[in-house]
Amino acid sequence: MIVKEFLELRRDKRTVAMIVVLPLVLLVVFGYAASFNVESISTQVVGPQAQQTAAQLRDPFEVDKVDPAATEAAARDRLRDGDAAVVVVTGAGTPKALVDGSRLFSAQAAVAETARMQGQLRTEVLYNPELKTSWVMVPALIGMILAFIGTIITSIGLVRERQAGTLEQLAVMPFRPSDVIAGKIVPYFVLAAVDMAVVAVVGRLLFDVPFNGSVLTFILGGTLFLFAVLGIGVLISTVSENQGQATQLALMTMLPQILLSGMIFPLESMAIGVRWIGYVLPLTYFIQVSNGTMLRGAPIATLWLPLTVLACMAALVFIGAVLRFRRDLAPSQPQAKDSETDQQPVGAR
């Protein structure tokens with residue numbers, strides 16, 4: 001029995017990869033990514049004494065822009081638009097550091113550093129004045145829930161249909177593969193949309209998380225993100241033979257999204273070799289949209305980059321899912337016609 005089990009494992013290359021290769025990959029990737037220490041904080045300095053103040057700032061403040069002509073109102077707009085994590089406003093009296101509290105770890109590092117500067121900078125934290133973890137986690141948790149439903153539940157549901165043989169029955173009916181996919185994912189899309197609304201409302205009521213931005217922008221970001229993760233779920237179902245394989249692949253795609261999207265560990269603290277993984281994950285960009293709309297009240301014009309990336313991801317993934325579904329699960333139209341011909345009586349041919 002022991003020898004038989006080893007032979008079975010040798011044939012199941014996917015399980016062997018999860019047992020041997022995956023732990024090593026997780027060790028290397030998350031060993032570099034798992035860090036709460038922010039060593040670089042994107043900083044801008046504005047006001048009459050901007051040049052002198054910028055020269056006095058030290059790590060972790062990394063001055064990206066110096067603008068002596070900008071006012072405090074412009075500095076607040078830049079912080080709202082996500083141009084920097086800290087904007088130092090100079091003028092009469094002690095310079096004031098405006099800190100973006102929606103970037104929790106960067107804000108905590110900035111506040112700690114200004115405290116060590118012993119009065120050289122005043123600090124004002126915006127968008128999350130008390131630096132509450134719940135205010136930052138709730139917008140990210142919305143994305144995690146949408147990713148869970150879109151990836152794991154969708155892939156398992158489609159594979160279950162495939163094992164039961166109902167997909168093949170649908171394929172010989174007058175439906176295109178895109179029609180079958182749309183019919184299968186619409187219920188999951190509606191369920192995820194309801195969950196998104198429920199979590200946002202409950203987070204507002206229980207944790208007093210603000211919603212300062214446009215609801216339409218938030219819905220747009222959630223819709224694009226849902227299309228992306230639903231497409232991933234469909235792709236997983238097309239390469240899985242059973243629900244166990246679908247669950248394995250779905251978990252392998254979920255784990256990086258949770259740990260490398262900035263939801264738990266800040267992207268700024270990750271090594272360059274690992275950080276790029278976060279930039280190819282849909283959850284990274286949905287978190288930027290949800291944080292921007294809920295906490296900072298950022299207008300849609302300043303969120304064009306994450307929205308555009310989500311739109312491109314959704315289009316590419318869905319096109320791939322339809323093509324893969326048509327090739328692997330749905331019989332071609334000529335085959336369907338041939339089978340209809342075979343079923344006709346001999347005299348009718």
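Leaving aside its neighbours within four places in sequence, which residues is Thr43 in contact with? Counting heavy atoms within 4.5 Å as contact, they are Leu57, Phe61, Glu62, Val63, Asp64, Lys65, Val86 and Val88.

A word on the basis. This is a predicted model, in which local features need pLDDT of at least 70 and side-chain atom pairs count only at pLDDT 80 or more, while totals for chains, interfaces and linings use all residues. Residues are numbered from 1 along each chain as its sequence is written, and side-chain values use heavy atoms, with hydrogens and water left out.

Thr43 belongs to strand β1, residues 41-46; strands here are DSSP E runs of at least two residues, helices H or I runs of at least four, numbered from the N terminus. Thr43 counts as buried because its relative accessibility is 0%, the limit for buried being under 20%, with exposed over 50% and partly exposed in between, for a 1.4 Å probe and protein chains only.

Now the sheet. Five strands form an open sheet in the order β2-β1-β3-β4-β5, with mixed pairing, where two strands pair if DSSP finds at least two bridges between them. Its edge strands, each pairing on one side only, are β2 (61-67) and β5 (122-126).

Within β5, Thr123 stands opposite Ala97.

Thank you.
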